[in-house]
Amino acid sequence: RLNQYSLVQLGYGANQKRIQATVTSETSSIGVELACDKEDTKFLLEQAEVEVPRGDIITRESSLESSCKYVGYPLVIKPIDGNHGRGITVDIQNYDDALVAYHAAKEISRRVIVEKFIKGEDHRLLVINNKLVAAAKRTPAHVVGDGESTVEQLVDEVNRDPRRGYGHENVLTQITINELTKTIVKDAGYTLESVLPDGETLILKDTANLSTGGTAEDITDIIHPANVSMAERISKIIDLDICGIDIMTNDITRPLAETGGAVLEVNAGPGFRMHLAPTTGLPRNVAAPVIDKLFPNYG
């Protein structure tokens, strides 16, 4: 380990390689730049006839209304170069909500994406060295009612799970109650003091990132081959040796074209937590293919 963060050296001398989080010394710099710019990523994927949601990019509030009409509700509004789900608002149904979402995204980025909201479940496909090695279905932070506890008590109970820590220190992250959470709870017709009916699920965040308290289920073995080959093709289009592809679909066992799903994002330096230690399902050794790629002659 070369610093107190995630910069690591493997090997010595002529054979040394470095990794930082999940970016390697062989990761294409342009690939990372492309993945960080959602506009460029989307343009390249569209050119390659990959299913992506309809969208528009704006820099001024005065363009928001016409953009919303062009794309059509429901919408997603997000910053063009955000990460960890910051500044993203989903399932926007009217202009007033779009305005609030625009300002939230504007705090993260000068340019803002207005995009069609694709209904379905959030899936992360991990491709290493142009081969799909793992996939997870991600569920946003949520609580399930027992008919006795309040929403706040249920959150405290979930946070007592020993697997939950702060930030990325553990396999799962603590659920924090912020203004966004309060708004989502209120829109569902509850407050933090409400007692949730037995068996009812209440979603607390509008993105499924593990860093906001989400959970992951391994689904590597059930992905349709067409979706596997599409993910591997995307890694070549963006030119990333390690990439995480976010797909929204209601059935990953069928091709994207059949389900009306879409590719939402391509991520450079994707998190491995959800594959190494999924909340449910089989853990995947996703570090091995990284080492095999960096040291191909030492197998």
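This is a predicted model: local features need pLDDT of at least 70, side-chain atom pairs count only at pLDDT 80 or more; totals for chains, interfaces and linings use all residues.

Student: Why are E1 and E3 called edge strands?

Tutor: Look at the order of this open sheet of 3 strands, which is E1-E2-E3 with antiparallel pairing. E1 (7-10) and E3 (23-24) each pair on one side only. Between E2 and E3 there is a loop that holds Ala21.

Student: What makes Ala21 worth a look?

Tutor: Its phi is near 55 degrees, a positive value in a residue other than glycine. Glu49 is also not a glycine, and has a positive phi of about 60 degrees. You'll find Glu49 in the loop between H2 and E4.

Student: Speaking of H2, which elements give two or more residues to the lining of the second largest pocket?

Tutor: Those are helix H2 (38-47) and strand E4 (55-58). H2 gives the largest share, 6 residues. The space in this pocket is about 190 Å³.

Student: How do you know which residues, such as Phe43, belong to the lining?

Tutor: A lining residue has an atom within 4 Å of a point of the pocket. Phe43 is in the lining, as are Lys38, Asp56 and Ile113, among others, so each of them meets that cut-off. By class, the lining has 4 nonpolar, 1 polar and 7 charged residues.

Student: What lines the largest cavity?

Tutor: There are 14 lining residues, and Lys38, Thr41, Lys42, Leu264 and Glu265 lie nearest its centre. H2, strand E7 (112-116) and E16 each supply at least two of the lining residues. By class, you get 8 nonpolar, 1 polar and 5 charged residues.

Student: Where does E16 sit in its sheet?

Tutor: E16 comes at the end of the order E14-E9-E8-E15-E16, in an open sheet of 5 strands with antiparallel pairing. Its edge strands are E14 (215-218) and E16 (262-268). Helix H7 (residues 225-238) lies across E8, E9, E15 and E16, at about 60 degrees to E8.

Student: What makes the contact between Lys137 and Glu121 a salt bridge?

Tutor: The test is a side-chain nitrogen of Lys or Arg within 4 Å of a carboxyl oxygen of Asp or Glu. For Lys137 and Glu121 the N to O distance is 3.4 Å, so the pair passes. The structure holds 19 salt bridges.

Student: Why does the pair tie together parts that are apart in sequence?

Tutor: Because Lys137 lies in strand E9 and Glu121 in strand E8, the pair links parts that are 16 residues apart in sequence. Lys137 also stands opposite Glu217 in E14.

Student: Which peptide bond is cis?

Tutor: The one that joins Tyr73 and Pro74, with omega at about -5 degrees. Pro74 is in the loop between helix H3 (64-71) and strand E5 (75-79).

Note on methods:
Residues are numbered from 1 along each chain as its sequence is written. Side-chain values use heavy atoms; hydrogens and water are left out. Two strands pair if DSSP finds at least two bridges between them. Helices (H or I, at least four residues) and strands (E, at least two) are DSSP runs, numbered from the N terminus. On a 1 Å grid over the protein atoms alone, a cavity is a set of points where a 1.4 Å probe fits but cannot get out, and a pocket is an open set with protein on both sides within 12 Å along at least five of seven lines; lining residues have an atom within 4 Å of a point. Grid points are joined across faces, edges and corners, and a volume is the space filled by probe spheres set on the points. Ala, Val, Leu, Ile, Met, Phe, Trp, Tyr, Cys and Pro count as nonpolar, Asp, Glu, Lys and Arg as charged, and the others, Gly among them, as polar. Contact means heavy atoms within 4.5 Å. Axes are lines fitted to C-alpha atoms, for helices over the stretch in contact, and angles run from 0 to 180 degrees between N-to-C directions.
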